[in-house]
Amino acid sequence: MVPKSFLSFGPAIAAALALSGCMSTGGGSNPDWRLNDYLPDPAINTASQQTPLRDQSFATELNGIRTGNGVQPLSWNALLDDTAQSYAGYLHATDQFSHTAGNTTIGERVTASGYQWRKVGENLGRGQPDERTMIADWEASPGHQANQNDPDFEEFGLGVSGTGSKKTWVLVLADPL
């Protein structure tokens, strides 16, 4: 449910805000997030996206926007990809939608993967059917647009879990040490 205060932005922006991680849903008692507990089982989760080959089409879309804004392209990173995919799986499995679900922060999740970083960022989305729609929704949200166009970020990982209206997207961005 989109709060009435968001509706003043118009339906498209309200949807982007609701689906991009600006809000938190869920509740109750959920298990803590741990990196390897929520990596996808391809036999069960056909929406998982945990390979650089599949992430390449996302990188092409995202980097097209970045270079159009005068920002260097991002490189895919396996550790960030595992972090993003594991968190997307966790959010989907526990029906949560928050940057701090599972009693963790983005910094703690990236550190748990073994990645050494100076700066990290995260964009969340839920319900977008494809990469192009997800990136467009993030571009329509000033905070998420700032993340995906931040010139400090050099690498990314993408996680996708679930299907339909529960399809959950996690983009992890980082500046490595």
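Helices here are DSSP runs of H or I with at least four residues, strands are DSSP runs of E with at least two, and both are numbered from the N terminus. By that rule, His144 is found in helix 7, residues 142-148.

First, the ground rules. This is a predicted model, where local features need pLDDT of at least 70, side-chain atom pairs count only at pLDDT 80 or more, and totals for chains, interfaces and linings use all residues. Residues are numbered from 1 along each chain as its sequence is written, and side-chain values use heavy atoms, with hydrogens and water left out.

Now the sheet. Two strands count as paired if DSSP finds at least two bridges between them. Four strands make an open sheet with mixed pairing, in the order 1-3-4-2. Strand 1 (75-76) and strand 2 (117-126) are the edge strands; each has a single partner strand, so one side of each has no neighbour in the sheet.

Going through the pairs, strand 1 runs parallel to strand 3, residues 155-161, with two bridges. Trp76 has Phe156 as its bridge partner in strand 3. Strand 3 and strand 4 are antiparallel and are joined by seven bridges, with Gly157 opposite Val172 of strand 4. These two strands form a hairpin with six residues between them, and Gly162 in the turn has a positive phi of about 95°. Strand 2 and strand 4 are also antiparallel, joined by nine bridges, and Gly125 sits opposite Trp169 of strand 4.

How much of strand 4 is buried? Nine of its nine residues are, so strand 4 is largely enclosed by the rest of the structure. Buried means under 20% relative accessible area, exposed means over 50%, and partly exposed is in between, using a 1.4 Å probe and protein chains only. In a regular strand the side chains alternate between the two faces of the sheet. In strand 4 both faces are covered: Thr168, Val170, Val172, Ala174 and Pro176 are buried on one side, and Trp169, Leu171, Leu173 and Asp175 on the other.

Next, the helices against the sheet. Contact means heavy atoms within 4.5 Å. Axes are lines fitted to C-alpha atoms, for helices over the stretch in contact, and angles run from 0 to 180 degrees between N-to-C directions. Helix 6, residues 131-139, lies across strand 2 and strand 4, at about 110° to strand 2. Among the buried residues of helix 6 are Met134, Ile135 and Trp138.

On to the cores. A nonpolar core is a set of buried Ala, Val, Leu, Ile, Met, Phe, Trp, Tyr and Cys residues joined through side-chain atoms within 4.5 Å. The largest one has 18 residues, of which Tyr87, Leu91, Val110, Val170 and Val172 touch the most other members. Helix 4, helix 5, strand 2 and strand 4 each give two or more residues to this core, and helix 4 gives the most, with six. A second, separate core of 14 residues includes Leu62, Phe153, Phe156 and Val160. Beyond four places in sequence, the contacts of Tyr87 include Trp33, His99, Arg109, Leu124 and Val170.

Two loop residues deserve a look. Asp95 and Asn103 are both found in the loop between helix 4 and helix 5 (106-112). Asp95 has a positive phi of about 50° although it is not a glycine, and at 39% relative accessibility it is partly exposed. Asn103 also has a positive phi, near 60°, and is not a glycine either. Is Asn103 buried or exposed? Asn103 is exposed, at 61% relative accessible area. Not counting residues up to four places away in sequence, Asn103 touches Asp32 and Glu108. Its C-alpha atom is 8.6 Å from that of Pro31, which is 72 residues away along the chain.

Last, polar contacts. These are pairs of N or O atoms within 3.5 Å; within protein, one must be able to donate a hydrogen and the other to accept it, and residues adjacent in sequence count only if both atoms are side-chain atoms. Back to His144: it is buried, at 6% relative accessibility, and its side chain makes a polar contact with the side chain of Ser141 at 2.7 Å. At the start of helix 6, a side-chain oxygen of Asp130 comes within 3.3 Å of the backbone nitrogen of Arg132.
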